[in-house]
Amino acid sequence: MKPLCELVSGQVLPAIRAMVVKDLVRRYELSQVEVAKKLGITQPAVSQYLSALRGKRKLEKKLMKSIGGEIRSLADDVASGKLSQADVVRRYCAICSRMKKKGIFQDFGTS
């Protein structure tokens, strides 16, 4: 069994970031550079999220069912310019906290 922090940093956070990146590019038609600046990541990282080199598509589909609305809300706030990069990080943490409370991580076999 993996500790929760290992699961989140290695799988969940990349999947959440990939979902946010894709939403910002598709719905808001932001460039990769704009997305990178808003999220505090590099443009190559954005490219990797878009091409599924980072984040796992199967996990994204699973997460979309449980936290899709929160991802969409985060993308809306990022696109509107309401959030600083620090605010984005706090929102990632809040999403993970809600996932833990909902018991979503139990499906991953964490300790």
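Analyst: Two helices, α1 (4-28) and α4 (57-80), each supply at least two residues of the lining of the largest pocket. This is a predicted model, so please read everything here as computed from that prediction. Of the elements involved, α4 gives the most to the lining, with 5 residues.

Let's meet the lining residues by name. They are M19, K22, D23, R26, E60, M64, G68, I71 and R72. The stretch 4-28 belongs to α1 and the stretch 57-80 to α4, which is a handy guide when you look for these residues in the view. Sorted by class, the lining has 5 charged residues, 3 nonpolar ones and 1 polar one. The space inside the largest pocket comes to about 170 Å³.

How does one find such a space at all? Rolling a probe the size of a water molecule over the atoms shows where empty space is left.

Now for the two helices themselves. Two packed helices are described by the angle between their axes and the distance between the axes. Here, the axes of α1 and α4 come within 8 Å and cross at roughly 55°. The two helices are therefore oblique to each other, and the crossing of α1 and α4 is right-handed. By class, the contact of α1 with α4 has 17 nonpolar, 7 charged and 1 polar residues.

Finally, let's step back to the whole chain. The chain has 5 helices and 0 strands, and from the N terminus on its elements run α-α-α-α-α. The radius of gyration of the chain is 13 Å, close to the 13 Å that the globule rule gives for 111 residues, so the chain is as compact as a globular protein of that length. Taken along the principal axes, the C-alpha atoms fill a box of roughly 40 × 25 × 20 Å.

Terms used
Residues numbered from 1 in each chain as written. Predicted model: local features only at pLDDT ≥ 70, side-chain atom pairs only at ≥ 80, totals over all residues. Heavy atoms only, no water. 1 Å grid on protein atoms, 1.4 Å probe; cavity = no way out; pocket = protein on both sides within 12 Å on 5 of 7 lines; lining within 4 Å. Points joined across faces, edges and corners; volume = space filled by probe spheres on them. Helix = DSSP H or I, 4+ residues; strand = E, 2+ residues; numbered from the N terminus. Nonpolar A, V, L, I, M, F, W, Y, C, P; charged D, E, K, R; others polar. Axes fitted to C-alpha atoms, helices over the stretch in contact; angles between N-to-C directions. Parallel < 35°, antiparallel > 145°, perpendicular 65-115°, else oblique. Left-handed = near helix turned anticlockwise from the far one by under 90°. Rg over C-alpha atoms; globule rule 2.2 N^0.38 Å.
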